[in-house]
Amino acid sequence: MAGFLGGLLNATVSAATVFILAGLGELISERAGVLNLGVEGMMLSGALGGFIVTVVTGSTWLGLFAGIVAGMALASIHAFLCISLKANQVISGVMLTLLGTGLTTFYGSRWVENSIDGFSQVTVPLVGQYLVDIPVIGTALFSNTPTDYIALALVPITWYFLNHSNMGLELISVGEDPEMADTMGVAVFKLRYLAVIIGGGFAGAAGAHLSLAFSQLWVPGMTAGRGWIAVALVIFAQWTPSRMLVGAYLFGMLDALQLRSQALSFSVGADTPLAGIINPTIDFLMNGQIMATYPYLATILVLSYAVIKTKSDRLAVPSALLQSYSRETD
Amino acid sequence: MNVEIDLTARERVPRWLSYATPVLTVLAALAVSAVVLLVIDVNPIEAYRLMLIETPTSEIGMADTLITTVPLVLAGLAVYLPLKAGLFNIGAEGQLVIGALAGSWVGLNVSLPGVALVPLMLLTAGIAGGALAAIPAWLRAKYDVNEIITSLLLSFVALQILSYMVRGPMRGSSGNFPQTDRFSAAATIPELFMRVHLGLAIALLIVVFTYLLMTRTRLGFEITFIGSNDEAAEQAGMSRYKVYLLVFILGGAFAGIGGISEISGVQGRLRAGFEPGYGFTAIPIALLGRNSAIKVLLASLFFALLFTGGTNMEIFLGIPAALVEVIQALIILFLITGEFFKRYRIDFTVERDPTPTPSETAGGDA
Amino acid sequence: MPESAFLEMQNILKEFPGVVANDHVDLQVERGEIHGLLGENGAGKSTLMKILYGLYSQDEGDIYLDGRRLELDSPQDAIDAGIGMVHQHFQLIPRLSVAQNVVLGEREPATLFRSDGESRLPEAVRSNGVVQALARRFSLGLDVPTQRIDDLADQYGFDIDATAKIWELDVGQQQRVEILKALYRDADLLILDEPTAVLTPAEAERLFDSLERLTEEGLAIIFITHKLNEVQSVVDRVTILREGKNVGTATVSEVTQADLAEMMVGREVLFNVEKDGVELGEPVLQLQNIHADNDRGIESLSGIDLTVRAGEVVGIAGVSGNGQKELAEVAAGLRRLTDGSITVGGTDLTGAKPKRFVNNDVSFVPEDRLRYGCAEDLSVMHNAAMKEFTDERFGSQMGLDYRELAAYAEELVEEFDVRGVRDVTETNAGDLSGGNLQKLILARELARDPDLLVANQPTRGVDVGAIEFIRETLLEQRTDGTGIVLLSEDLDEITDLSDRILVIYEGEFVYETTPEAADRDRIGLEMTGGASTDAATAESPQPIATGQDGEP
């Protein structure tokens, strides 16, 4: 059981990293008022870009960088369409996913055969080894890939950026009330571009982590819906980085559990009352596919609860989300 | 010297522009895709000839296109109808899948003669699709919960449920594949011609129904009005609640029927991941055809052609079908761009004499 | 007049398509004064101030502040020049703190990096350009600003906690934050756009105190209003605008409220409409003790009683924001009551849905044509049939005959002389000019032959020709036995068309008269709350007889 738990925790950390990175990127974009439903596409291009560069150069770090650039490139299309051309953010985002999926499947098919030496586990220096030896949680906490640590570090950095820097303050104001921000001299268009493209970089990094650290291979469509979970996660976390960390680990654990669900079996004794109902119910609820629905259902519940219970002017959603801004000319 | 770009919203879209835009955008997307083809050493002209001319002119190609049109147009209407009421249903994918699932269950577990079984399957599929769509609609109508997010997320829930069912309770007796048993003859939608099944006729009937609904009924009038200005509509005594639920449930039902007809009429059994994202392709279809149900049909035919033409390109030219997805996405991205040029007029003015701006005084001012 | 005032706006001209919003307006404001800007809605006050705040640019004319000529291309320019503006809709982000809202756009670096004040960092590092640029972007120091906000708040007697979130503050406090925002940016001139519209009387008093303190410090304040008692109590000098023109500037202590009311409302009668006598019929609308909130949840109707009979036009006069919009919406079934009852033509419709009002032959011409009156993107046909499409003649059961609808729309367009319609099914409502759109809306509402018509500002923003047509049409409808509630800020319109005039002020009827007995100055005073402070209290509140006939 300890071995199982340890493995689960390890996998949870790695899976959570995907959600943290992609989720933070989406969070930044949405806080500036731009919904980007292209996360899945940006992640795939990050995964493929990162993988190809790693295969060619042999450097995982260059690969990670390439993944980030690939994500940013795709995001800039969205930024241009939604910010400059005031296109519908939903349609543009969905198309970005289609584009990213198509392009990576198209160009990625011949890279499937390749193998790489991806990011390896790094131990926390000095005292590291002793900590890693702690049973069950040791490796999960103290022996992870660099991308895991980077993702973890980005949570407080993003929090700090949004809440304790002038750029963050201006970015939030752009997502709340672009017209007012413009009046106060905030560069609305520039900040929105910046947010969307940085968000794309984060998604690209999430994809690169997936291909370079998580699975260390490339398969078309390998994100398997994780980009959509990241979109859900932002809502689940109600647009705050700290809650996103919690949500990412929750969803990450579900992700890790799905692969291991067959190894799990919980049941009550056959003589317990209602055992005939309880046991199949547990089986059903612990089924991998059924567990995969939890992030979505939880998000719908959180969103509905927040909307129903909160006064409309206190909702966590950025007030100007989905609204394009054009300077009024007279 | 200062170049200034001035955007002005057009007061009226010139007529020629509203017709030219879709054509030009499609051409532009094909042009960009041509570059992609050239990169992989494929002659784009040959590829496009195969896709856009040979496919629809060959019998098999035409039949395949028509077969693919069925789920596409039904899912397209599932997005189109809410769009007319000002709502965004991006969950047609899930409604299609859940319809296929519910219909398949009936087809596999109910024994009735085909005349009764097939309609029952279609009905069940419609109800299931409608029921799934009702959730985001109700949350929106009653509590103003954003329907875009909820309908999208429910799609993924539906996809997982499908995956669960074909691996678990509905898995067929033959082998370990995540798929159901083959449908019996009674549970198969009859063929019309050339493998084209009765689903096409049903889809066309639904197109006509939707067309009539929108252009010949009071309900259609209400939907249009609420979609354009719900506050004025409420003032006139129309009910947002009723219309929101109605368009979503009807749309979901159409998508559900599209799902089961694809399974029962084409594939013969339900598999996990049985369809290549028709529900998402439905979004651009509805966008292209948003002016009428007939245009939704035309847009569906075009996208069906892209799908089957893509398959042909794969078979005859060795081009991955994924390229079709790229072309589709490009067409839509260009379409969005085209929308912009339709709505705004762009003027460039070159301004001389930049007024000297006072240099910014740095430093605090406490 | 002094040689050169602190603020000089000279000969400002601003035209919008079809309207001259500011017709060569002059304005002088001195340091240390509260300068009132008085005028009815549409008189050009807002346009003038938007020009001064850089939101619009004038077509002609110059602006000088403290002797310097200003080029204002954006609000940023105005702020840099020392002009601050407090809008009616606060420009604050509710989820952020007071300090965050105040410093937004100012790029205050963390204390460590401030070039002033104490810091452990060596001066050379702090004053380095790159360090400054980075610190201004990637850090945010609220300590020093908070201190400064607190100091400012102390100085002017504001009770603001700089760390509080905006949503935690009440409206009065939020307004003070807006003022702080301007003061923080060293504003010398403060523009307040109808600042009391959102305040309770007690909060307004506080605001006035604060404003006096500000002027003592040498600030100039422009106070936009249309309430005369406010002018009387805080303003030093007042400039009155009417129809885009400057009618005059007066020192408040030297004029009476009646003088001001006359200047603001004007005396000229634009149109003389012949009115036939009509026999009054049964009551078509009875409102009893109506209480309702506005969109912000503040009570804006406080015990309205009103009975309108068939063939009667009841004119409701008042300056905007005194509950007219809410009253109109209540009568059309669009606003929820917090108390009271509505009877339409003998049917109790308290709490009923809009549909039942429509079915009980209530017609409504809303104040905001584009928002509530029509669907801009739909055809004239759709808009003409917005209410009548349920009628049997357009098809039985579910069906709807669009050809009949189009024919019907053409009839209306013809009969009401709606111009600019090429084809009723192709021309969109949004393509019509304001006057023609209003005619279309009126056509739709009147062709139903309603028992009750609620018309809110039916001629606002409408060209002169259409105004006359609309007024005549309303009177024809009265002759046909429709009871009409006419809400208007145009006193001439009210006196010309009404059988009975009620003045609404702060959600209550404060005065009733008839056009024959009407004393315009008195009405003007009542509308602006002027009478309530002096004359009215002595005369005792006017008993409001609304013609109730023995209803319990």
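1. Two strands are said to pair if DSSP finds at least two bridges between them. In this predicted model, strand β17 (residues 452–456) of chain C and strand β18 (residues 483–488) of chain C run parallel and are joined by five bridges. Within that pairing, C:Ala455 stands opposite C:Leu486 of β18(C).

2. These two strands belong to an open sheet of six strands in chain C, whose order is β16-β17-β18-β13-β19-β20 and whose pairing is mixed. The edges are formed by β16 (362–365) and β20 (508–513) of chain C, each of which pairs on one side only. On average, and with direction ignored, neighbouring strands of the sheet are turned by 20° against each other.

3. Two helices that pack on this sheet deserve a look. Helix α11 (residues 324–331) of chain C touches β13 (313–317), β17, β18 and β19 (500–505) of chain C, and its direction makes about 155° with that of β17(C). Helix α19 (residues 520–527) of chain C touches β13, β19 and β20 of chain C, and its direction makes about 30° with that of β19(C).

4. Does the length of helix α7 (residues 171–184) of chain C agree or disagree with what its residue count predicts? At 1.5 Å a residue, its 14 residues should span 20 Å, and because the end C-alpha atoms are 20 Å apart, the two values agree. The helix is mostly covered, with ten of its 14 residues buried; among them are C:Arg176, C:Glu178 and C:Lys181, as well as C:Val177, C:Ile179 and C:Leu180. The buried residues of α7(C) pack against β6 (83–86), α3 (98–103), α6 (143–156), β7 (189–193) and α8 (201–216) of chain C. After α7(C) comes C:Asp186, whose phi is positive, near 60°.

5. C:Tyr64 lies in strand β4 (residues 60–65) of chain C. C:Tyr64 counts as partly exposed because 16 other C-beta atoms lie within 10 Å, whereas a buried residue would need 20 or more. Although C:Tyr64 and C:Leu7 are 57 residues apart in sequence, their C-alpha atoms are 5.8 Å apart in space. Leaving aside neighbours within four places in sequence, C:Tyr64 is in contact with C:Glu8, C:Arg69 and C:Leu70.

6. The contact between chains C and B takes 30 residues from chain C and 22 residues from chain B. On the chain C side, α6, α12 (354–359) and α13 (369–373) each supply at least two residues, and by class that side has 15 nonpolar, six polar and nine charged residues.

7. Chain B itself has 13 helices and four strands, and 54% of its 366 residues count as buried. Among its contacts between residues at least 6 apart in sequence, 78% join residues at least 24 apart.

Note on methods: Residues are numbered from 1 along each chain as its sequence is written. Chains are lettered from A and ligands numbered from 1 in the order in which they are written. This is a predicted model: local features need pLDDT of at least 70, side-chain atom pairs count only at pLDDT 80 or more; totals for chains, interfaces and linings use all residues. The expected span of a helix is 1.5 Å times one less than its number of residues. A residue is buried if 20 or more other C-beta atoms lie within 10 Å of its own, exposed if 12 or fewer, and partly exposed in between; C-beta atoms are placed from the backbone. Two residues are in contact if their C-beta atoms, placed from the backbone, lie within 7 Å. Ala, Val, Leu, Ile, Met, Phe, Trp, Tyr, Cys and Pro count as nonpolar, Asp, Glu, Lys and Arg as charged, and the others, Gly among them, as polar. Axes are lines fitted to C-alpha atoms, for helices over the stretch in contact, and angles run from 0 to 180 degrees between N-to-C directions.
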